[in-house]
Each structure stands twice: as C-alpha cells, then as structure tokens.
Amino acid sequence: MPKELAMKSIHNNEITAVSHLNNLSQEKVLSMMNNIKEQSKQLTDIKQFYDEFEYFRTLNFEINGLINDIKKDPHKIFEIQHLSRLLARYSYAFRDFVTFSDQYVVKHNSANLKKNLISAQFDNFYEYRLASTLGNFVKHISPLVPISDYSDKDTYDFFIRIDRIAEIYTKAKGQDKIAVQERTELDLLDFLDVTMKCVFEQAQCIIKQIFVDDKAGEYFKTTDKFIYDYGMPCYIENKKIQLFNYDVTYLGQEVAKIINEFGISKIRMPKKNASN
C-alpha cells in the first residue's frame with residue numbers, strides 16, 4: 001500500500017485520507033505541514049528562553065528566601081556556605097542565559113537587540129558586568145562566591161567580596177579585570193535585584209522579537225484554525241500512521257501563557273539613540 005496523506009481529527013481521533021476530503025487539496029496540506037514545522041521551531045525557541053529565565057528566577061527567589069531565613073535566625077549563619085553555592089549557580093545561570101541570548105540575536109539577524117539591549121545593559125550596570133565575571137569565575141576557578149556579612153542590632157546584610165575574587169582571579173583580562181577592580185564589595189540584594197531586572201528585560205524583548213521577525217503570531221492565526229478544522233496532517237502506509245504534529249498544540253498553549261505573563265504587546269523594543 002503506497003504512502004497516503006491523511007488528516008487525524010483532534011476532536012474524535014478519526015483519520016481520513018485527504019483524497020476523500022472534497023474541500024482540501026494535497027498541496028494545501030503539504031504547505032500547512034511546512035507552516036506547522038516552522039511554527040513549532042518558533043514556539044520552541046520562545047519556550048526555551050522562558051525556561052532559561054524561569055530557572056534564573058527560581059534561583060533568585062531561593063537566594064532571597066535563604067537571606068531572609070538567616071536574618072530572622074542568626075543561628076543559621078552556618079548556611080552562609082550554602083548561600084555562597086547558590087550564588088555561584090545563580091551567577092553561572094546568568095552567564096549562560098546572556099550567552100544564549102547573545103548567540104540567538106546575532107544568529108537571527110536581531111543585531112539591534114545585541115547592541116541596544118545586551119551591550120547597553122553591560123555598559124550601564126556594574127552588577128551585570130560582575131555577574132558575567134562571576135559566571136566565568138565559578139565555571140573555571142571556584143564553586144563558591146566569597147561572601148561577607150555585617151550585622152548590628154537593626155540590620156543584617158550580605159556582600160559579595162570582590163577584592164577576594166580579584167585576589168584569586170589573578171589571570172583576569174579585559175572586562176573581567178575591570179569588573180573585579182572597580183569596587184571592593186557589593187550589596188548582595190542590590191546585585192540580585194539588578195541582574196533579575198536585566199534578565200527579565202532580555203527575555204521579554206527577545207521573545208517579542210521572535211514574534212516580530214518570524215511571524216509566529218501569523219502562524220497562530222493560520223495553523224491553529226487549520227488544525228481545529230481539519231486535524232493534524234499525517235501519512236498512512238501499510239496501515240501504520242506517521243503523525244508529524246511537532247507538538248504545536250501543546251507549545252501553543254504554553255506560549256500563550258508566556259505571552260500573557262510577559263504582556264508581549266506592551267513591551268517596547270530598545271531603539272538606537274539619536275547619537276548612534
């Protein structure tokens with residue numbers, strides 16, 4: 001039995017050969033299969049950026065929670081090493097996310113985001129530069145980030161000991177060298193706050209860029225309606241079904257949640273300054 005193009009209904013799992021559907025041509029189905037494949041790639045990129053961001057956000061929340069626990073109970077000061085290890089994971093996750101973002105915007109001809117978002121944040125925020133340096137530091141030098149603490153009767157604060165990093169990180173060059181020489185210490189809460197905002201803005205803008213450049217929203221309108229009306233394209237050969245759905249239904253639902261959470265339509269893309 002030759003391979004035959006067919007449709008698998010999402011409503012009742014019924015499979016019907018395209019040749020038996022009067023209002024549907026093989027050309028239209030094959031074209032839609034290509035659309036579905038492209039939409040799946042776009043939705044996967046969006047989900048991957050969000051998952052990377054979620055991991056970073058979870059670490060941020062966990063570190064803040066541990067800091068508050070230690071502040072409430074001074075007997076938990078022994079947790080400072082655990083805090084240091086969490087901060088190392090956080091810094092490495094930051095570097096990983098920024099590298100991932102950097103590679104994506106260059107590869108997908110979104111160089112304006114490279115210059116106006118990622119590079120601009122690197123230039124404007126010391127915490128951003130330090131996070132990148134720390135990510136490299138914990139990857140190659142130490143699984144711990146040197147932390148110091150200060151307490152009096154009213155406050156309890158934690159600081160990243162940059163001078164200690166500089167002491168160990170003797171081979172630092174370029175931006176890494178500048179980052180570890182600029183200050184002696186940095187308030188950990190400020191560091192967490194700024195880096196979180198920077199990664200959040202990157203995730204928002206890049207996800208919106210995927211919609212703008214790759215017409216993901218347009219695929220939503222065409223493929224989703226097609227799948228609802230006719231089902232998922234597949235092949236039948238020797239009474240066996242080859243289904244190529246690329247998970248667009250599941251991915252579409254997940255991405256819809258992301259779009260709602262980020263408020264994609266309200267995000268303003270960074271623009272070049274008039275002087276640039």
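**Helix packing and a cavity**

Mentor: Start with a crossing: α7 passes α9 with left-handed sense. Keep in mind that this is a predicted model.

Trainee: Which residues of α7 and α9 make the contact?

Mentor: From α7 come Phe200, Ala203, Gln204, Ile207 and Phe211. From α9 come Val255, Ile258, Ile259 and Phe262. By class, this contact of α7 with α9 has eight nonpolar residues, one polar and no charged ones.

Trainee: How do I put geometry on such a pair?

Mentor: Two numbers describe a packed pair of helices: the angle between the axes and the distance between them. Here α7, residues 188–214, packs with α9, residues 248–262. The angle is about 125°, and the axes are 11 Å apart. The helices α7 and α9 are therefore oblique to each other.

Trainee: At what angle do the axes of α7 and α8 cross?

Mentor: They cross at roughly 65°. The axes come within 6 Å, and α8 covers residues 216–230. An angle of 65 to 115 degrees counts as roughly perpendicular, so α7 and α8 fall in that class.

Trainee: Which residues make the contact of α7 with α8?

Mentor: On the α7 side, Ile210, Phe211 and Asp214. On the α8 side, Ala216, Gly217, Tyr219 and Phe220. By class, that gives five nonpolar, one polar and one charged. Note Phe211: this residue is also listed in the α7 contact with α9.

Trainee: How far apart are the axes of α4 and α7?

Mentor: They are 9 Å apart, with a packing angle of about 90°. Helix α4 spans residues 126–140. That angle makes α4 roughly perpendicular to α7.

Trainee: Which residues of α4 and α7 meet?

Mentor: Glu127, Tyr128, Leu130, Ala131 and Leu134 represent α4. Asp190, Phe191, Val194, Thr195, Cys198 and Gln202 represent α7. The classes are seven nonpolar, two polar and two charged.

Trainee: Which residues line the largest cavity?

Mentor: The lining is Tyr104, His108, Ser110, Gln209, Ile210, Asp213 and Asp214. Two are nonpolar, three polar and two charged.

Trainee: Which helix gives the most to the lining?

Mentor: Helix α7, with four residues. Ile210 and Asp214 belong to this lining, and both also take part in the α7 contact with α8.

Technical notes:
Residues numbered from 1 in each chain as written. Predicted model: local features only at pLDDT ≥ 70, side-chain atom pairs only at ≥ 80, totals over all residues. Heavy atoms only, no water. 1 Å grid on protein atoms, 1.4 Å probe; cavity = no way out; pocket = protein on both sides within 12 Å on 5 of 7 lines; lining within 4 Å. Helix = DSSP H or I, 4+ residues; strand = E, 2+ residues; numbered from the N terminus. Nonpolar A, V, L, I, M, F, W, Y, C, P; charged D, E, K, R; others polar. Axes fitted to C-alpha atoms, helices over the stretch in contact; angles between N-to-C directions. Parallel < 35°, antiparallel > 145°, perpendicular 65-115°, else oblique. Left-handed = near helix turned anticlockwise from the far one by under 90°. Contact = heavy atoms within 4.5 Å.
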